[in-house]
Structure formats: C-alpha cells, structure tokens
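Visitor: I am new to this structure and would like to learn how to read it. Could you walk me through some of its features?

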Amino acid sequence: MKRDLGSVVLSVVMVTIGLLHFTHTAGFASIVPDYLPYPEALVLISGVFEIGLGVALQIARTRVLAAYGLVALFIAVFPANINMALHPDQPIAGVPFQPSALALWARLPLQIVLILWAWRYTKRAQSR
C-alpha cells in the first residue's frame, strides 16, 4: 500500500484528538449538546473510534472502511460543533480561553474539509 502524507497526517490528527478525549474528557463533554445522554461516555466512545479509525486508515486491508468510518464520525460530531456556535458563551471545561463566536461559526465549514479529506481514501488505491 502506498501511503501519502495526507493520510498519515489525518491519522496522526485523529489518534491525537482521540487520546485527548481521554485526557480532557470534561472539556469535550461540556460541548456535547444537552439533548444527548451520557456526555462523558459519548466522549470516550468517540475517542476510541477516533483512535481506531486513525490507525485503521494506515492499514491496507482496513483503509477504505476506516475512511468511510471517519466520514460518518465527522458527520456524527457535527452537532457538537453547531452547539458550540449556537452557545458561544458556554464555557468549555478546562479550557483557559473562550473562542470567539466568529471563530466557532468559522470552524463549521472545516467539517466539510475533513469529510472530503477522509472521503479521498474511500477509493481503492489502484483507482487513484
């Protein structure tokens, strides 16, 4: 399997963010929308998926499935990003600064970039 820098960077980012879900659980739980139950458990579960999918993206046999999983994950966590933009004054536990409302809204399109980045790896290596 030929790896490219983009897949390695995406994997490193996902594993790093996944690990942060375990070291900064309260901060991530504080941005989970109120209508979702068990925010801490959701944070830990999503952390497991982020780590697992990040690693699986570098394994030839699991790369395509991992890419689809990352697309689904980026869609699944989007409500937390919207929640943050809609409630810019809600403090993020453990974060010493509060992002501006403009920054919170500006980061929403980043999800589209992440989805497209992961989507790139849904194609089998020989078709690229």
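**A guided reading**

Visitor: Which residues of H5 are buried?

Guide: The buried residues of H5 are Ala80, Asn81, Asn83, Met84 and Ala85. Buried means under 20% relative accessible area, exposed means over 50%, and partly exposed lies in between, with a 1.4 Å probe and protein chains only. Helices are DSSP runs of H or I with at least four residues, numbered from the N terminus. This is a predicted model, in which local features need pLDDT of at least 70 and side-chain atom pairs count only at pLDDT 80 or more, while totals for chains, interfaces and linings use all residues. Residues are numbered from 1 along each chain as its sequence is written, and side-chain values use heavy atoms, with hydrogens and water left out.

Visitor: What do the buried residues of H5 pack against?

Guide: They pack against helix H6 (101–106) and H7. Contact here means heavy atoms within 4.5 Å.

Visitor: How do H4 and H7 run relative to each other?

Guide: Axes are lines fitted to C-alpha atoms, for helices over the stretch in contact, and angles run from 0 to 180 degrees between N-to-C directions. Helix H4 (residues 63–76) and helix H7 (residues 110–119) pack at about 170°, and their axes are 8 Å apart. H4 and H7 are therefore roughly antiparallel; angles over 145 degrees count as roughly antiparallel. From H4, the contact uses Ala67, Tyr68, Leu70, Val71, Phe74 and Ile75, and from H7 it uses Gln111, Leu114, Ile115, Ala118 and Trp119. By class, the contact of H4 with H7 has 10 nonpolar residues, 1 polar and no charged. Ala, Val, Leu, Ile, Met, Phe, Trp, Tyr, Cys and Pro count as nonpolar, Asp, Glu, Lys and Arg as charged, and the others, Gly among them, as polar.

Visitor: Is Ile112 buried or exposed?

Guide: Ile112 lies in helix H7 and counts as exposed, because its relative accessibility is 53%. Ile112 and Val71 are 41 residues apart in sequence and 9.6 Å apart in space, C-alpha to C-alpha.

Visitor: And what does Thr25 touch?

Guide: Thr25 belongs to helix H2 and counts as buried, because its relative accessibility is 18%. Not counting residues up to four places away in sequence, Thr25 touches Leu20, Glu40, Val43 and Leu44.

Visitor: What is the volume of the largest pocket, and which residues are closest to its centre?

Guide: On a 1 Å grid over the protein atoms alone, a pocket is an open set with protein on both sides within 12 Å along at least five of seven lines, a cavity is a set of points where a 1.4 Å probe fits but cannot get out, and lining residues have an atom within 4 Å of a point. Grid points are joined across faces, edges and corners, and a volume is the space filled by probe spheres set on the points. The largest pocket has about 1,000 Å³. Of its 36 lining residues, His21, Phe28, Ile31, Asn81 and Arg107 are closest to the centre. The largest share of the lining, 6 residues, comes from H3. By class, this lining has 27 nonpolar, 7 polar and 2 charged residues.

Visitor: How many cavities of 30 Å³ or more are found?

Guide: A search of the whole structure finds 1. The largest cavity has a volume of about 50 Å³, and residues lining it include Ser30, Met84 and Leu104.

Visitor: What phi does Tyr38 have?

Guide: Most residues other than glycine have a negative phi. Tyr38 has a positive phi of about 50°, although it is not a glycine. Tyr38 sits in the loop between H2 and H3.

Note on methods
Helix = DSSP H or I, 4+ residues; strand = E, 2+ residues; numbered from the N terminus. Parallel < 35°, antiparallel > 145°, perpendicular 65-115°, else oblique.
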